[in-house]
Amino acid sequence: MIWLTWRQFRGAAAMTAVFLVLLIALLALTGPDLASRYTTGIAACALDDGCDRFFDLFFDQFQLQFTALSALVLALPAFLGLFWGAPLITRELEAGTHLLVWSQGVTRGRWLAVKLGLIGLVAVGAACVCGFAVTWWSQPLDRSAFPELGQMTPLVFGARGIVPMGYAAFAFVLGVTIGMLVRRTLPAMALTLAVFVAIQFAMPMLVRPHLMPPVTSTHELSRTNVGSINVQRDGGGTVRLGIKPAVPGQSGAWVLSSALIDPSGKVVSVGDEPAPVPVSGTSGPCAPQAQPSQENCLGAVNALGYRQLASYHPLDRFWPFQWIETGIYAVLTLGLTWFSFWWIRRRLS
Amino acid sequence: MTPVLQAQGLGKRYGRRWALRECTIDIPTGHVVGLVGPNGAGKTTLLKLASGQLEPSEGDIKVLGGRPASTLPKVGFVAQDTPVYAGLTIADHLRMGARLNQKWDATMARERIAQLGLDPNRRARKLSGGERAQLALTLGLAKRPELLILDEPVASLDPLARREFLQGLMEATAADEFSVVLSSHLVADLERVCDFLLVLVDSTVLVAGEVETLLATHHRLTGPRRDPDRMPAGQQVISARHTDRQSTYVIRTEEAVLDPAWAVSRLTLEDLVLAYMERRPVSGRRTDLEVLR
């Protein structure tokens with residue numbers, strides 16, 4: 001059975017292996033250079049205290065590659081579900097060969113066990129290799145990323161560490177199960193894609209924020225968490241502040257909400273919507289004439305008692321979250337596996 | 001001896017449609033059984049149930065004395081249209097058979113492929129319909145089954161390939177002792193190979209028995225017009241045709257027909273099957289149509 005599985009699967013496996021080898025070669029060639037640029041940059045910026053600027057420049061330079069690689073790791077499980085999972089049974093049903101193979105001396109339960117086990121394992125392996133290679137390559141960029149692309153944020157979190165393996169296992173079994181139910185290859189592939197994408201959106205939007213209670217805290221306003229300071233010249237010099245989804249001292253965190261609150265603790269504005277604060281825009285530190293004064297202006301606003309109220313998941317939750325989420329997908333995978341065994345014995349001819 | 005195939009009130013439903021209903025059969029071992037019936041009569045369903053590919057919705061089926069799923073290693077199954085893996089070579093298929101079956105006659109399989117003049121390295125996609133059927137038959141035979149089930153194996157073959165396939169099957173049954181169940185919607189295919197006949201129409205078994213016995217007990221009577229109720233009690237009327245002055249009956253009887261008014265002639269297997277099919281029970285579907293009209 002293992003031989004037959006391998007014989008039918010080796011083409012797809014070889015193609016994926018070629019792709020992974022190319023990817024790893026590319027990452028291995030460019031990774032060390034990226035890392036050394038980062039270390040020399042850090043050494044240089046530490047002297048003149050300009051590391052924030054260096055981070056921004058450095059990340060900006062490689063943002064395209066960074067995003068593309070993360071997207072690749074996120075997309076790989078979907079591909080595995082689509083091209084390995086969904087056709088696994090529909091191809092047999094469409095060619096009628098299920099009648100050939102299921103009437104040999106092995107039961108169809110065993111047939112499914114070997115198919116799911118072997119190909120599932122390769123799928124998880126592929127996701128593991130791809131995920132860890134990208135995680136390794138992205139290390140310098142993860143340390144210097146914009147707050148919107150911190151390691152805990154949805155786009156990046158799902159493309160790092162061990163969760164890609166969970167996604168791959170789940171997507172594969174999902175494809176097999178949908179294939180069994182739909183019985184035709186193309187509709188099964190389309191449905192697998194739709195369901196998997198929906199789940200991948202639902203997870204960070206609905207489930208992941210509640211895996212642990214988020215940290216809620218207030219912070220003084222600073223360059224880290226204030227995105228914009230506007231002074232309206234004709235409106236009597238009203239000063240408006242826009243808040244960024246970033247928390248001082250918590251780089252890499254996933255900020256769920258970030259708001260400006262007034263001295264009484266009332267929320268003035270949520271997110272980057274600029275909100276007026278009662279400081280003078282015509283004289284004093286916030287006046288446009290006082291040029292190098294961003295810090296002074298924010299100091300004046302802080303002195304009035306204005307603060308940022310943020311709720312977030314800090315970076316040190318990265319590994320707990322990775323394990324919990326991988327566990328959730330493992331349970332889903334086992335559930336679908338159980339269902340597929342039940343269905344293949346009971347309902348499928 | 002345990003019967004090779006035994007069914008009690010067997011039925012299979014797909015959604016609301018019954019593909020097979022109240023099927024009760026008992027086939028003794030050691031026969032080449034022809035399962036004949038029109039398309040859609042439930043032949044494929046019955047054979048899939050017998051090979052463990054389907055679970056019955058009602059009733060009970062036993063193959064070689066056990067449940068089909070448990071007797072799978074002893075049953076060879078060649079499905080309709082003889083499916084094989086298009087991307088695999090003939091040698092790959094034989095290797096698959098060797099890997100997936102406890103009892104596998106590799107020598108026989110290899111020799112059979114060589115006898116057919118097939119190159120083991122050819123991919124199944126490149127085989128003709130007849131060659132593909134032969135490959136599927138080889139896979140079924142090399143399993144050394146106690147029962148070989150073939151579902152319409154020759155339906156899509158040209159006459160020459162048809163004859164070669166059946167020839168191969170006959171040689172195999174002559175060489176080894178195993179039972180065969182073979183379905184077809186054409187009696188002519190079965191006539192040469194079968195010694196047991198099962199006629200399935202509208203999911204009901206109309207007649208089952210050894211071909212010799214069936215042919216010996218069925219007669220065609222032709223003579224002056226006579227009403228069916230005036231036939232003797234020992235003569236079961238299978239079909240009747242009347243013109244103004246003449247009647248033609250197909251009857252089943254254990255006794256000799258002595259009435260001198262009749263011209264008695266023997267039936268061919270095909271005549272016999274057709275006589276039963278004409279008599280097909282008035283099914284629900286049919287009456288519904290009548291009412292609708």
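Predicted model: local features only at pLDDT ≥ 70, side-chain atom pairs only at ≥ 80, totals over all residues.

Biologist: In what order do the four strands of the open sheet in chain B stand?

Modeller: E11(B) and E12(B) pair in the antiparallel sense over six bridges, with Val237(B) opposite Ile251(B) in E12(B). Strand E10 (residues 218–224) of chain B is joined to strand E12 (residues 246–252) of chain B by seven antiparallel bridges, and Thr222(B) stands opposite Thr248(B) there. The order is E11-E12-E10-E13.

Biologist: Which are the edge strands of that sheet in chain B, each pairing on one side only?

Modeller: In the order E11-E12-E10-E13 of chain B, an edge strand is one that pairs on one side only.

Biologist: Which residue takes a positive phi in the hairpin of E8(B) and E9(B)?

Modeller: E8(B) is joined to strand E9 (residues 204–210) of chain B by six bridges, and the two run antiparallel; Val199(B) stands opposite Val207(B) in E9(B). The hairpin has two residues between the strands, and the one with a positive phi, near 50°, is Asp202(B).

Biologist: Which element gives the largest share of the side of domain 1 of chain B that touches domain 2 of chain B?

Modeller: The domain assignment of chain B gives domain 1 (5–201) and domain 2 (216–292), with 33 Å between their centres, taken over C-alpha atoms. Seven residues of domain 1 are in contact with six residues of domain 2. On the domain 1 side, the elements that give two or more residues are helix H6 (187–191) and strand E8 (196–201) of chain B, and by class this side has six nonpolar, no polar and one charged residues. The largest share, three residues, comes from H6(B).

Biologist: Turning to chain A, how many Å separate the centres of its domain 1 and domain 2?

Modeller: Chain A is divided into domain 1 (2–213 + 318–346) and domain 2 (215–315). Their contact takes 10 residues from domain 1 and 11 residues from domain 2, and the domain 1 side has five nonpolar, three polar and two charged residues. Taken over C-alpha atoms, the separation of the centres is 39 Å.

Biologist: Are H1(A) and H5(A) roughly parallel or antiparallel to each other?

Modeller: The axes of helix H1 (residues 2–48) and helix H5 (residues 108–144) of chain A come within 8 Å and cross at roughly 5°. By class, their contact has 21 nonpolar, three polar and one charged residues. Since angles under 35 degrees count as roughly parallel, H1(A) and H5(A) are therefore roughly parallel.

Biologist: Which residue in E7(A) is the bridge partner of Ser217(A)?

Modeller: Four strands of chain A form an open sheet in the order E1-E7-E4-E5, with antiparallel pairing; its edge strands are strand E1 (215–219) and strand E5 (267–270), and the twist averages 25° from one strand to the next. Five bridges join E1(A) to strand E7 (residues 307–313) of chain A. In E7(A), the bridge partner of Ser217(A) is Ala310(A).

Biologist: Finally, which element gives the most to the side of chain B that touches chain A?

Modeller: The contact takes 23 residues from chain B and 17 residues from chain A. By class, the chain B side has 12 nonpolar, five polar and six charged residues. With six residues, the element that gives the most is helix H2 (residues 90–100) of chain B.

Definitions and conventions
Residues numbered from 1 in each chain as written. Chains lettered and ligands numbered in written order. Pairing = 2+ DSSP bridges. Axes fitted to C-alpha atoms, helices over the stretch in contact; angles between N-to-C directions. Contact = placed C-beta atoms within 7 Å. Nonpolar A, V, L, I, M, F, W, Y, C, P; charged D, E, K, R; others polar. Domains from an automatic or database assignment. Parallel < 35°, antiparallel > 145°, perpendicular 65-115°, else oblique.
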